Amino acid sequence: MYKNYLKIAWRNLIRNKSFSLLNIVGLSIGLAVTALILIWINFEIGVDQFHTNKNRIYQVYNQYPVEGEIWTWNSTPKIMAPTIKKDYPEVESVSRYNYDDTFLFSVGNKKMKSTGTIVDPDFLNIFSFPLLEGSVETVLEGVNSVVITETFAKKLFGDEPAVGKMVKVDNADTFKVTGILKDLPNNTGFNFEFLMPWAYANQLGWNDKHWGNNSIATYVLLKEGADYTAFSEKIKNLRERYDKGAADMVTYLYPWSRYWLYSEFEDGKEVGGRIVSIRMFGFIAAIILLIACINFMNLSTARSEKRAKEVGIRKVVGARKGALIGQFLGESILISAIAAVLALVLVVLALPSFGELVQRPLALDMTNEWFWLSALGVVVFTGILAGSYPALYLSGFKPSAVLKGTFKKMSAPVTPRKVMVVLQFSAAIILITASIIVTQQLQKVQNRQSGYSKANLIYSIVEGDVGKNYTLIKNELLASGTAESVTKTSSPITQGWSNSWGFDWKGKDEDNITTIQRFSADDAIAKTTGMEIIAGRDFDLSKYPTDSTAAIINESAVKLMNFEEPLGQIIKDMGIEWRVVGVVKDFILDSPFQKVEPMVIEGALYANNVIHIKFNKTESTSESLATTEAIFRKYNPEYPFNYEFVDQEYAKKFDDQKRTGQLVSLFTLLTIFISCLGLFGLASYMAENRIKEIGIRKVLGASVQNITTLLSKDFLKLVLISIVLAVPISWYFMSKWLDDFAYRITISWWIFALAGILALTIALLTVSFQAVKAAIANPVKSLRTE
């Protein structure tokens, strides 16, 4: 029996090649897109879930009321980790993590920079990064011990054993390689090639005990059976106990297994993070697969008349409804299986490009038995989902009506087929609208004035001997004519590295706690970056030596501090009085999607991390870079000259939104394409069924336009209904999406009008092809049997 069903299913596929092709292509694209998105989602939800103790690992978080809201952040004072370990017996292990540090490693004449971090010895007890060589208990005990990854070991020592070898770090300190780590897996948020012991931070003078310096991450491994909620309650007032100025600050533990997906907080509550994108694109995957299944349903039920007599005869000879349902479901599963094979080929071909688009190292593990079990499940699920309605519909035909010729297809105002077409195009219109709004939002922010000139501006991180030779480097750059201006700052002009609510000034409202960006520059910051000075002057140490403790503030700071005359005002920070000498127009330091925060640019006292260089416009960029590199190498010969173009770094701020826009646009096009496949098939079948009617109308004088309108209008009505349904839905969800941006567009009516016109145009072109083809056919051929 089953063999017979298979034969019938195969013959139906071959007999109706065009409809079979439309079904298979639509389903294969739907399955391929769904598979790509699910591979991506699986990667995201698997990040750092491989650690053996993941359910006992926590990160220390803080909360504090600022500007009427509860702010949440995960950086802590350096003294936090040893204090927690000392005071609370529930803690098994604790480690500080100094985020990413870059050092120059030297082995003989071989020199290379690498990114790693400084941690406490317990770090490798907390996290499951396996050692290939060395002991977890001892590799990070000595001050000058270093653990490196296997790839970094090969870079430094080739194929020679690395453990026990000596390396020089930053041309200053000699380290002994005490362990080799297995290369970090792709699915981790950590990024390091080496680990150094925290004792080295003490040696460098980095390990302060100031409770107000939130600058590192603190990880805690609780003992088995410890309740983290109860423990969080115990450490709630830890900061206040050691820092009387932190009376309202709350310390608590956050499950580290959630950090990757749930990293955003509003008013002290977890509101999302990457999980928002995962849910959105997971929903899009479901919609695309559903649309592909709807195509199958519509095309199968549209061809119902062709198989009505087959059903009638089978029922007359004794076939039960259940057997017929099984047969039709088997046919849909066969089509689903063929589509799945084609989808697998598409996934293999598209995965590298898709991984590059989403910036993830995605892979398809076809050696995993779970992959094939999942694939089989998807094939069966898709086959049942797509074939359920056609199977129930076709198996429900009454044999007496079919065999007497009195069977009529559905012609009611509302039919399941029409509903499904409306759902298809509603989804397409929602995605078209989303694509337009994402593009408009991105363009608006990209066109937003940054507040400084990015052209011909580079920055270089201070390292090696650059700090002590900075004056010589600066003078030579200016004397050579390569640079118009040079300044040393605390951070790049594109990044905020420090902020505080501890600033003080005359007339400050002590109840209004506001975060203020802290930036530092030594000289000519406005001249170098092109900031617009609206009051006062730039820093000029040669003319005003006291500018080392001067300050320049932005417009937002003037408003916050309520200065009628800001020049000459005193702002206190970190125990120093900074005298305001200038006011600059607001400029974007961090996110261009958010409002500009108040900022204090302090004088040269703390400007020691980054050098900004404004190149002379009369020289080519390549000439300027060559001269600059030669000067840096002259005064810092042991280090390579590394730099970043400010305009390129600023452009990176839009990468995430660009990717979102590209993904939404891609899935929109695929949704439209799949919907049009179904519409094309329905229009083709409609024209085929009405061929004699069309012939009679032509004989009676109907024009091509009349017939095209006749065949197209029903479909266009459905698209119009889709527009009416899609507009409020898309407006609601895109308004919610835009709420995340302080600097945002207003959703205009023309966006919905454009999406509707595009949908109508696409539907009209799809249907009109078949309508015009039927209208221009010779009526003699369609009527010659009458």
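Helices (H or I, at least four residues) and strands (E, at least two) are DSSP runs, numbered from the N terminus. The model on your screen is predicted, so local features need pLDDT of at least 70 and side-chain atom pairs count only at pLDDT 80 or more, whereas totals for chains, interfaces and linings use all residues. Residues are numbered from 1 along each chain as its sequence is written, and side-chain values use heavy atoms, with hydrogens and water left out.

Next, select S450, which sits in the loop between α14 (416-446) and β15 (457-461). S450 is buried, with a relative accessible area of 4%, where buried means under 20% relative accessible area, exposed over 50% and partly exposed in between (1.4 Å probe, protein chains only). Then show F587, I588 and Y650, with which S450 is in contact once its neighbours within four places in sequence are left aside; contact means heavy atoms within 4.5 Å.

Finally, select residues 704-738, helix α22, together with residues 749-775, helix α23, which pack at an angle of about 155 degrees with their axes 8 Å apart. Axes are lines fitted to C-alpha atoms, for helices over the stretch in contact, and angles run from 0 to 180 degrees between N-to-C directions. The two helices, α22 and α23, are therefore roughly antiparallel to each other, since angles over 145 degrees count as such, under 35 as roughly parallel, 65 to 115 as roughly perpendicular and the rest as oblique.
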